Amino acid sequence: MRVLVPVDGSQPSDDALAYALEQFPTDDIVALYVMDPVDGTTAWGPGSVDNWLSAAEERSETVLEDATAVAADVGVELATDSVVGRPSKAIVEYAAEHDIDHIVIGSHGRAGISRVLLGSVAETVVRRAPVPVTVARPTAE
């Protein structure tokens, strides 16, 4: 089985990765980082696509290296990949195009009006994914 875990360096994505490593240790796990160009335009301003892409690639490399290290610490080999796109759409498309059997995604735990206003990548992935999706709840601190 191939399991996709979207990672972004946040605690919820770290929780999802830990869950996937625990639940699917003998399966093929792919950590995916999505470089969101919309975030880049707000962070860098117009006319600085090269700056955004360079920074996004550096961030992707760091997050994926960290994910690989976490997997190695528990004796699991992890494949990694990164793509450019809107996160929920890119995750769903990646799953469909790369023979993914299951997605494990972190939940940011938004509730009420903030979830409606801010949207939820996890919720969109659950609704649109062509495969089963597990939403990993935050770990107790």
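In the predicted model, Leu4 has Ile103 of β4 as its bridge partner. This pairing belongs to the contact between β1 and β4, two parallel strands joined by two bridges. β4 also pairs with strand β5 (residues 133-136), again in the parallel sense, through four bridges.

Strand β4 spans residues 102-106, and five of its five residues are buried, so the strand is largely enclosed by the rest of the structure.

Val104 has contacts beyond its neighbours in sequence. With residues up to four places away in sequence not counted, Val104 touches Val3, Leu4, Val5 and Pro6, together with Ala16, Tyr19, Ala20 and Phe24, and also Thr134 and Ala136.

Val104 is also among the residues with the most contacts inside the largest nonpolar core, a set of 22 residues, the others being Val5, Ile29 and Leu78. At least two residues of this core come from each of β1 (2-6), α1 (11-23), β2 (28-35) and α3 (49-73). The greatest contribution is that of α3, which supplies six residues. Another core lies apart from this one and consists of 16 residues, including Leu4, Val34, Ile91 and Ala95. In soluble globular proteins, nonpolar side chains tend to be buried together.

Terms used:
Residues are numbered from 1 along each chain as its sequence is written. This is a predicted model: local features need pLDDT of at least 70, side-chain atom pairs count only at pLDDT 80 or more; totals for chains, interfaces and linings use all residues. Side-chain values use heavy atoms; hydrogens and water are left out. A nonpolar core is a set of buried Ala, Val, Leu, Ile, Met, Phe, Trp, Tyr and Cys residues joined through side-chain atoms within 4.5 Å. Buried means under 20% relative accessible area, exposed over 50%, partly exposed in between (1.4 Å probe, protein chains only). Contact means heavy atoms within 4.5 Å. Two strands pair if DSSP finds at least two bridges between them.
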